[in-house]
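Me: I've got a fold open on my screen and I'd like to learn how to read it feature by feature. Can you walk me through it?

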Amino acid sequence: MADSRRRRVRFLHPIEHTLLREWLSRFELRANEDVEPPPAERGVVDWRAALEFDEDEWDEARLGVRPKYSAALDARHALDNAVARLCLEDVREELPSLMYSRRAVPARRSVLRAAPMRSRHLLSIDWCDAATHEHHFIAYYSTYSPYYECRIVSASSYLVDPQLGYHDVALFAHGPELDLLAGARETLIAEWRRFAPRVARFVDFGVVDGPLATAWAERARS
């Protein structure tokens, strides 16, 4: 029997539409103008106001995914984090960040969506610092969003991202002019440059295989 505490929604809550619209505007991507969301998903929401709620005051399964402050009480990348958590709902059980959240916070009840976004694992990388022997494991995903008709590339890590301050972050979005691999390539080359001089050790492959990842790494170093 389905959990009666969870409310089924067609696609997104109003706050989630607001988050996606603002984040996707960075990449000049907009919703399909020929499609209107149902009345329950419409409405203007001040997503920044949702930052001020405590965990026990905002049930994401009932009200939608909201932005949160980082562990350092910084909100500069709160939008990136909220979009990533929304995109990666369908693969949540396999995310590296879940290993952290299982120990740190109560499990979040999931939303039963009639039209969920679909994620595909690209590859996983252990970014190693040769000098300090520190490791930073990150799994990368590409998520297709219906209605917005775009792909969003996100990263999930057991550790807080040293630059962005969250475990899960949305990195890049692209429309149909780029296929899945082309969008992944642009994102991962930027990641190699961001984590330089750390060494990328491939841990697990998904859509992106070993030879392709190696070629992209060489491109990033050139």
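**Reading the fold**

Me: Let's pick one residue to begin with. Which residues does Asp80 touch, not counting residues up to four places away in sequence?

Reply: Asp80 touches Trp23, Arg26, Asp168, Val169 and Ala170 once you skip residues up to four places away in sequence. Asp80 is found in helix H3. Keep in mind that this is a predicted model.

Me: Is Asp80 buried or exposed?

Reply: The cut-off for buried is under 20% relative accessible area. Asp80 has 6% relative accessibility, so it counts as buried.

Me: Fine. Now zoom out: how many helices and strands are there in the protein chain?

Reply: The chain has six helices and five strands. Read from the N terminus on, the elements go α-α-α-α-β-β-β-β-α-β-α. Buried residues make up 48% of the 222 residues. For contacts between residues at least 6 apart in sequence, 67% join residues at least 24 apart.

Me: How do I read a nonpolar core?

Reply: The general idea is that in soluble globular proteins, nonpolar side chains tend to be buried together. Here, the largest nonpolar core has 26 residues, and Leu20, Trp23, Leu24, Tyr148 and Ile152 touch the most other members. Two or more residues each come from helix H1 (14-24), helix H3 (78-87), strand E3 (150-157) and strand E4 (168-174). H3 gives the largest share of this core, six residues.

Me: What does Leu20 touch, not counting residues up to four places away in sequence?

Reply: With those residues left out, the contacts of Leu20 are Leu12, Val83, Leu86, Met117, Tyr148 and Ile152. There's also a second, separate core of 25 residues, whose members include Leu123, Phe172, Phe195 and Val208.

Me: On to charges. How many salt bridges does a search of the whole structure find?

Reply: The search turns up 11 salt bridges. Take Glu16 and Arg113: they form a salt bridge with the closest N and O atoms 2.8 Å apart. This pair links distant parts of the chain, with Glu16 in helix H1 and Arg113 in the loop between helix H4 (96-104) and strand E1 (118-128), 97 residues apart. Both Glu16 and Arg113 are buried.

Me: Which other salt bridge does Arg113 form?

Reply: Arg113 forms one with Glu89, where the closest N and O atoms are 2.7 Å apart. Arg113 lies in the loop between H4 and E1 and Glu89 in the loop between H3 and H4, so the pair ties together parts that are 24 residues apart in sequence. Glu89 is buried, as is Arg113.

Me: Which side chain does Asp161 meet in a salt bridge?

Reply: That would be Arg194, at 2.9 Å, N to O. Again the pair links distant parts of the chain: Arg194 is in helix H5 (residues 180-195) and Asp161 is in the loop between E3 and E4, 33 residues apart. For a network of salt bridges, look at Glu55, Glu60, Lys68 and Arg85, which are linked in one.

Me: Which residues is Arg219 in contact with, leaving aside its neighbours within four places in sequence?

Reply: Arg185, Ile189 and Arg193. Arg219 lies in helix H6 and, at 47% relative accessibility, counts as partly exposed. Arg219 and Trp192 are 27 residues apart in sequence and 9.6 Å apart in space, C-alpha to C-alpha.

Methods: Residues numbered from 1 in each chain as written. Predicted model: local features only at pLDDT ≥ 70, side-chain atom pairs only at ≥ 80, totals over all residues. Heavy atoms only, no water. Core = buried A, V, L, I, M, F, W, Y, C linked by side-chain atoms within 4.5 Å. Buried < 20%, exposed > 50% of the residue type's maximum accessible area, 1.4 Å probe, protein only. Helix = DSSP H or I, 4+ residues; strand = E, 2+ residues; numbered from the N terminus. Contact = heavy atoms within 4.5 Å. Salt bridge = Lys/Arg side-chain N within 4 Å of Asp/Glu carboxyl O.
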